[in-house]
Amino acid sequence: MGTQHVVTMLPGEGTGPEICEAVRLVIDASGVNIKWEYEEIGLDCLEKHGTLLPDKTVQAIARNKIALKGPTTTPIGTGHKSANVTLRKVFDLYANVRPAKLIPVLKRPWDKIDILNFRENTEDCYAAIEHMVSDEVAQCLKVITWPGSYRIAEFAFKWAKAAGRKKIYCVHKANIMKMTDGLFLDAFREVAKKYPDIESGDIIVDNCCMQLVRNPAQFDCLVLPNLYGDILTDLCAGLVGGLGFAPGANVGDNCAIFEAVHGSAPKYAGLKKVNPSAVLVSGIMMLRWMKEEAAADRIQKAMFAVLDERKHVTYDVGGTATTDEYAQAIVDKMHAKA
Amino acid sequence: MPTCTDIAKATKKKREIKLVGIDMYIITEKGIPKFDDIGPFKCEFISNRGTKVWPGFVSPDLLMVNWYRCRFMATKDVQDADVNTFLDALTKKGWWWSASQKLWNYDGEAGFSKAY
């Protein structure tokens, strides 16, 4: 066994715990040496401890600097705050990295999609500054800052360069929101000057959506403010197989949390029928972050093989396997290949 | 035949509005501001880029800008004139502010969000 890593596991709620157990089974079978520290987060926590994010959980993440997270629930329109947004704020996880890459065995109408999305994760309309300014008017402040915009652009160019990427586009609506999106675009252009080897440009968000569904292969890397990033990363996930296969990482300067981007599907909780692939591919992304490339490759290869065979896949991809059976099939495939 | 605009306007409901505080947007290069109570207003929290930075824990790694949202809540019943007095006092204390936003409850429910 190689170097031991200590990772905080946040199973979340709804189907989260059963998904995370399946993912742990697969990751542990990959040969990587991980000590998992389980901590609580989310709605169950709110009911038990009066907070979405207990201090014990915060301290564990701060200590380990890396976490794998299952889904959590956020009510719409009312009720408690989002556990996800709280985590991003507390640890200043300013970069949401959302790769959208075709999984070969999932038949899609496109030959090639391999887009790296870099979503600014902490400001924009997510600054939680909302007011009912009269009894019939609500407003939400869209907060865009120079340092916040500059650092996500810097992060994106650095990541793209390390990954051998060739082209980055900034997505914006600066033709209408000239101050806010204009500032975001200005910062991007300033950073782009430092990376002459990477082609850079910009595209208006509505055009970008249209281009993504017509010809997604033209895009390499996208840098987006928070709200457009939230929407377009799901659009990109839809292009390659849906949220059930979409990995995500929330990264700051000193901490990274890897998570599925889908919801907690509470109505399926305990049924052990949901597809754990999104948390699993987030786990693969985490292993690569930890420089455990061999383990990541093993899991990915086995997962693709199981999906290709279609014998032990979950209902959403046309099978009847349970969450655990799918995970075990991946483990068996890894061992068979060994 | 009423237009859609007419129909929409007719749905307006009367709600009881009560002034309960002020959000102040302060610009400073001197770090997180500190405030004593100003008249009937007490500082409840301060946020920067939407993240609460006072009171309580703030990560030393947190990116902060020079613009703070400072929430002052009324400690007793207040009127609009109290806000004028508050703003005047704040300016006289040397605080540079970009905007203020009155905080109202509507039928007893807060018409404003909390910070993360």
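Figure 1. On the domain 1 side, A:Arg88, A:Lys89 and A:Tyr94 supply 52% of the area buried against domain 2, more than any other three residues. The assignment places 1–94 + 243–338 of chain A in domain 1 and 109–240 in domain 2; such bounds come from an automatic or database domain assignment. Contact, meaning heavy atoms within 4.5 Å, links 10 residues of domain 1 of chain A with 12 residues of domain 2 of chain A. The C-alpha centres of these two domains of chain A lie 25 Å apart.

**A note on the model.** This is a predicted model, in which local features need pLDDT of at least 70 and side-chain atom pairs count only at pLDDT 80 or more, while totals for chains, interfaces and linings use all residues. Residues are numbered from 1 along each chain as its sequence is written, chains are lettered from A and ligands numbered from 1 in the order in which they are written, and side-chain values use heavy atoms, with hydrogens and water left out.

**Figure 2. Chain A against chain B.** Here 28 residues of chain A are in contact with 27 residues of chain B. The two chains bury about 2300 Å² between them, with 55% given by carbon and sulfur atoms. Look in chain A for A:Lys89, A:His131 and A:Asp135, which lose the most area to chain B and together make up 25% of what that side buries.

**Figure 3. Helices H9 and H10 of chain A.** H9 (residues 277–289) and H10 (residues 293–309) of chain A pack at about 155°, their axes 7 Å apart; axes are lines fitted to C-alpha atoms, for helices over the stretch in contact, and angles run from 0 to 180 degrees between N-to-C directions. Helices (H or I, at least four residues) and strands (E, at least two) are DSSP runs, numbered from the N terminus. The angle makes H9(A) roughly antiparallel to H10(A) (under 35 degrees counts as roughly parallel, over 145 as roughly antiparallel, 65 to 115 as roughly perpendicular and the rest as oblique). Residues making the contact include A:Leu280 and A:Ile284 of H9(A), and A:Ile299 and A:Met303 of H10(A).

**Figure 4. Helices H7 and H8 of chain A.** H7 (residues 205–214) and H8 (residues 226–240) of chain A pack at about 5°, with axes 10 Å apart. This makes H7(A) roughly parallel to H8(A). A:Val205, A:Cys208, A:Cys209, A:Leu212 and A:Val213 of H7(A) meet A:Tyr228, A:Leu232, A:Leu235, A:Cys236 and A:Leu239 of H8(A).

**Figure 5. Helices H5 and H6 of chain A.** The axes of H5 (residues 146–162) and H6 (residues 180–192) of chain A come within 8 Å and cross at roughly 40°. That makes H5(A) oblique to H6(A). Among the residues that meet are A:Trp146 and A:Phe157 in H5(A), and A:Phe184 and A:Phe188 in H6(A).

**Figure 6. Two backbone details.** In chain B, a cis peptide bond joins B:Trp54 and B:Pro55, with omega about -5°. B:Pro55 sits in the loop between strand E3 (51–54) and strand E4 (67–74) of chain B. In chain A, A:Ala265 has phi near 40°, a positive value in a residue other than glycine. The loop holding A:Ala265 runs between strand E12 (256–260) and H9 of chain A.

How values were computed
Buried area is the accessible area (1.4 Å probe) that two parts lose on being put together, summed over both.
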